[in-house]
Amino acid sequence: MSARRVLSLAAGLGLAASLAGAAPKKAPATPPSPDVFAGYSYTEAGDASLNGIGLQGTFPLGDTFRLVLDLSGHDGSFAGADFDQIGLMAGGRWSPLRSRVRPFAEGLVGLVRTSTSVEAADATVSDSDSDWGFALGGGLDFGLSDRWSLRGLFHLRMTQGEGNWDSDPRFAVGFVYRFGR
Amino acid sequence: MERLVLTRWAAVFIVALMAVGCGGESPTGASAGGVKVQGVVMGESASASAADTRSPQASQAKKVTVKVEGTTLTVDVNANGTFQLSGVPSGTFTLVFLSDGVEIGRVVVTAGDGSEVKIVVQVKGAELIVVEIEIEDGSGSNTGPSTSSCSVNGGKVGQKIELEGNVASGTSASFDLSVNGRSGSPIKVSASSASFKCIGGAKTTSDAECKASVKTGAKVHVSGTLMTCTTSSAEVTATEVKVQKD
């Protein structure tokens with residue numbers, strides 16, 4: 001699936017959720033609790049389109065702020081070379097509402113390790129680089145039940161390598177499980 | 001109140017998504033049509049397995065730029081090592097690779113209109129090694145002049161080729177290769193960006209010594225890509241040259 005198609009899908013989902021009366025019902029007055037997220041994730045490594053999985057864990061610090069740990073793994077190919085990418089980032093999330101539909105914004109910093117390999121003649125040539133970077137983004141949680149939610153999130157990830165700063169989009173959609181009551 | 005906040009939030013989210021979705025990157029000076037070049041530049045930390053003896057080295061973050069000689073087309077290799085050039089004039093063109101503004105290598109490519117060139121190179125010190133190069137025509141398949149119009153038996157332009165023969169003339173950077181039974185005339189081999197190694201004979205021979213031993217009469221095995229081929233001549237860009245030692 002192309003990046004544009006994935007993003008269009010995300011936009012469509014967001015529009016549907018916000019305009020089709022995803023009425024933000026008042027959430028029951030339960031204390032914030034940790035949650036975990038797992039789902040499909042798409043990103044780009046420069047010109048390469050990568051698909052994979054995204055995992056997140058969050059821990060509440062007050063009513064509107066959470067600590068976030070984000071782990072992602074992607075792979076894909078470009079110009080005959082295979083790419084594998086693992087990202088580990090941590091940061092904070094701000095979520096102003098405690099309703100059925102919960103928008104959030106987050107900022108993360110961490111490490112992105114990209115491995116490139118290509119089969120050539122009678123050898124495999126490979127290269128790995130770890131780049132520090134940061135990500136800014138946000139998303140929406142749509143409550144399905146007390147414990148389960150559907151999440152769509154978007155990051156713009158900035159990493160530095162080869163003397164250049166890269167800004168790569170990342171999109172993920174999946175399910176959230178909330179612990180506690 | 002919550003609905004208002006939500007609606008605003010969703011609007012911001014959607015606008016951000018659409019901005020990214022519509023904001024396709026375009027290399028400097030690139031335009032539609034012509035040849036599309038997709039490439040990967042692997043850094044100095046690249047290592048190889050199997051029979052390849054290229055050794056890993058410390059990675060240095062240098063800004064790598066790719067230019068098409070004789071045009072304004074230029075693109076910076078991004079942090080992940082990829083680059084893309086569109087609208088490269090069809091025919092024979094030269095990709096010039098620069099590291100922090102200093103030329104480290106050139107690759108001559110011949111491709112028709114609508115073709116897509118996929119190239120993987122490795123930067124090793126001040127040297128550029130072509131790891132792989134592939135040319136696809138506009139329909140997405142590897143084609144070129146039909147086999148019957150190519151002087152190299154089994155050879156197709158844009159596809160990988162392996163040749164064995166003797167150096168008829170030239171140096172390690174560029175030589176003519178005589179291949180008995182596969183081509184009636186010597187094949188021109190461009191090996192300025194190829195890796196060199198010796199096979200057979202003394203195991204202690206260094207790669208540099210192997211490269212220096214490519215002289216008239218040397219028996220070599222060439223791996224690379226057939227760049228041009230007619231009924232009377234052919235050119236191969238080598239990615240690896242193995243020199244047979246007795």
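Two strands pair if DSSP finds at least two bridges between them.

**Ground rules.** I am working on a predicted model, in which local features need pLDDT of at least 70, side-chain atom pairs count only at pLDDT 80 or more, and totals for chains, interfaces and linings use all residues. Residues are numbered from 1 along each chain as its sequence is written, while chains are lettered from A and ligands numbered from 1 in the order in which they are written.

**Chain A, overview.** Of its 181 residues, 44% are buried (20 or more other C-beta atoms within 10 Å of the residue's own; exposed is 12 or fewer, partly exposed in between; C-beta atoms are placed from the backbone).

**Chain A, around β1.** I followed β1(A), residues 35-45, and saw it run antiparallel to β2(A), residues 48-60, over eleven bridges. A:Phe37 faces A:Gln56 of β2(A) there. Two residues lie between the strands of this hairpin, and A:Gly46 has a positive phi near 65 degrees. β1(A) also joins β8(A), residues 164-178, by nine antiparallel bridges; A:Tyr40 has A:Val173 as its bridge partner in β8(A).

**Chain B, a sheet.** Next I traced an open sheet of four strands, ordered β5-β1-β8-β9 in chain B, with mixed pairing. Its edges are β5 (82-88) and β9 (127-136), each pairing on one side only. Inside the sheet, β1(B), residues 35-42, is antiparallel to β5(B) over five bridges, and B:Val37 sits opposite B:Leu85.

**Cores.** Which residues have the most contacts inside the largest nonpolar core? I listed B:Ile119, B:Val120, B:Val121, B:Val131, B:Val236 and B:Val241, in a core of 69 residues. A nonpolar core here is a set of buried Ala, Val, Leu, Ile, Met, Phe, Trp, Tyr and Cys residues joined through C-beta atoms within 7 Å. β9(B) gives the most to this core, six residues. Domain 1 (28-141) and domain 2 (144-246) of chain B each supply at least three residues (bounds from an automatic or database domain assignment).

I then checked B:Ile119 for contacts (C-beta atoms, placed from the backbone, within 7 Å). Leaving out residues up to four places away in sequence, B:Ile119 touches A:Ala79, B:Val37, B:Gly39, B:Val107, B:Val130 and B:Ile133. Apart from the 69-residue core lies another of six residues, including A:Tyr42 and A:Val173.

Methods:
Two residues are in contact if their C-beta atoms, placed from the backbone, lie within 7 Å.
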